[in-house]
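Work through these exercises with the model open beside you. Try each task before reading its solution.

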Amino acid sequence: MSAAQLGEMSAVLGAGVAAGAVNAVVGSGTLISFPVLLATGLPPVTATVSNALGLIPGSISGAVGYRHELRGLRGRVLKFSAGAVLGGLTGATLLLALPASAFERIVPVLVGLALVLVVLQPLIGGRLRDRRERKGTAVRPDGGPLLFIGLALASVYGGYFSAAQGIIYVALMGMLLDDGLQRLTAVKNVLVAVVNSVAALFFLFAAEFDWTAVALLAVGSAAGGHLGAKVGRRLRPSVLRAFIVLVGTASIVQLVLR
């Protein structure tokens with residue numbers, strides 16, 4: 001093995017750790033790992049598929065790390081996961097059917113809108129609570145059909161590319177659920193794990209991938225997901241929200257400049 005090959009493998013492993021950690025707290029880890037895979041010479045679709053497979057352990061590790069925040073949310077998680085399965089499978093199919101540039105223009109817009117919603121969520125959430133109190137109505141524990149459809153559509157995007165899909169999940173849930181940001185992050189981690197797993201199973205039988213890249217990302221992302229969950233759970237909501245905005249803004253810049 002040459003020094004150049006060893007350097008590439010180390011870079012992919014490190015990218016896996018960083019992507020797993022960022023995904024557990026915010027999302028957008030793909031924007032770390034995907035460019036590294038491209039830099040090693042993998043074609044875009046092969047890199048996308050390898051990235052999806054390799055980040056599964058990190059998604060699961062992050063979800064397990066937030067297990068305490070998931071207490072009492074089983075019904076909500078199961079319902080949202082059903083939509084995530086359908087959306088993830090649809091997105092994975094689109095990845096192989098559409099040109100690689102199909103989502104390039106709309107992705108920064110989606111992420112930007114999600115960031116605005118994340119920033120304004122406390123204000124909008126407070127006004128919605130005041131409105132419900134005046135009308136004497138209670139918030140639906142599952143957010144209603146609008147949230148289910150929104151998360152399913154976000155999962156289509158996640159199955160296709162997944163960059164910043166976690167931010168979109170948190171933004172949607174923050175608008176329609178009366179719950180803390182850490183608990184929303186915990187649900188987000190489960191949905192990301194579901195979408196990645198469904199898409200990856202589809203890719204195993206329908207697309208080309210690089211086993212070396214997958215293995216290195218898997219090891220790195222598993223460790224990174226555990227680390228990210230450990231750190232993320234300790235962040236105050238205001239700090240976590242600021243971190244989401246920071247990472248999301250960096251994601252938009254990277255997507256626009258690509």
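**Exercise 1: a serine in a helix**

At 1% relative accessibility, serine 155 counts as buried, where buried means under 20% relative accessible area, exposed over 50%, and partly exposed in between (1.4 Å probe, protein chains only). Task: locate serine 155 and list what it touches.

Solution. 
Step 1. Find the element. Serine 155 sits in helix 7, residues 144-160. Helices (H or I, at least four residues) and strands (E, at least two) are DSSP runs, numbered from the N terminus.
Step 2. List the neighbours. Leaving out residues up to four places away in sequence, serine 155 touches Gly83, Ala84, Gly87, Gly88, Tyr169 and Val195. A contact means heavy atoms within 4.5 Å.

**Exercise 2: ground rules and confidence**

Task: state what kind of model this is, then find where confidence is lowest and highest.

Solution. 
Step 1. Note the rules. This is a predicted model, in which local features need pLDDT of at least 70 and side-chain atom pairs count only at pLDDT 80 or more, while totals for chains, interfaces and linings use all residues. Residues are numbered from 1 along each chain as its sequence is written, and side-chain values use heavy atoms, with hydrogens and water left out.
Step 2. Read the overall score. The protein has a mean pLDDT of 82 (the predictor's confidence in each residue, from 0 to 100). In all, 87% of its residues reach 70 or more.
Step 3. Compare elements. Helix 6 (residues 106-135) has the lowest confidence, with a mean of 69. Helix 10 (residues 211-232) has the highest, at 92.

**Exercise 3: the overall fold**

Task: describe the secondary structure, burial and contacts of the protein.

Solution. 
Step 1. Count elements. The protein has eleven helices and zero strands.
Step 2. Check burial. Of the 258 residues, 50% are buried.
Step 3. Check contact range. Among contacts with a separation of 6 or more, 83% join residues 24 or more positions apart.
Step 4. The protein exposes about 11,900 Å², and carbon and sulfur atoms supply 68% of that. Accessible areas come from the Shrake-Rupley method with a 1.4 Å probe; for residues, only the protein chains shown count as cover.

**Exercise 4: a covered helix**

Task: how many residues of helix 3 are buried, and what covers them?

Solution. 
Step 1. Count. Nine of the eleven residues of helix 3 (residues 44-54) are buried.
Step 2. Name some. Among them are Thr46, Val49, Asn51 and Leu53.
Step 3. Find the cover. It includes helix 2 (30-39), helix 4, helix 5, helix 7, helix 9 and helix 10.

**Exercise 5: aromatic pairs**

Task: which rings pair, and how are they arranged?

Solution. 
Step 1. Set the cut-offs. Rings of Phe, Tyr and Trp (its six-membered ring) pair if their centres lie within 6.5 Å; planes under 30 degrees apart count as stacked, over 60 as edge-to-face and the rest as tilted. The structure holds two such pairs.
Step 2. Phenylalanine 202 and phenylalanine 203 are edge-to-face, 6.1 Å centre to centre with 65° between the planes.
Step 3. Phenylalanine 209 and tryptophan 211 are also edge-to-face, at 4.9 Å and 85°. Tryptophan 211 is exposed, at 58% relative accessible area.
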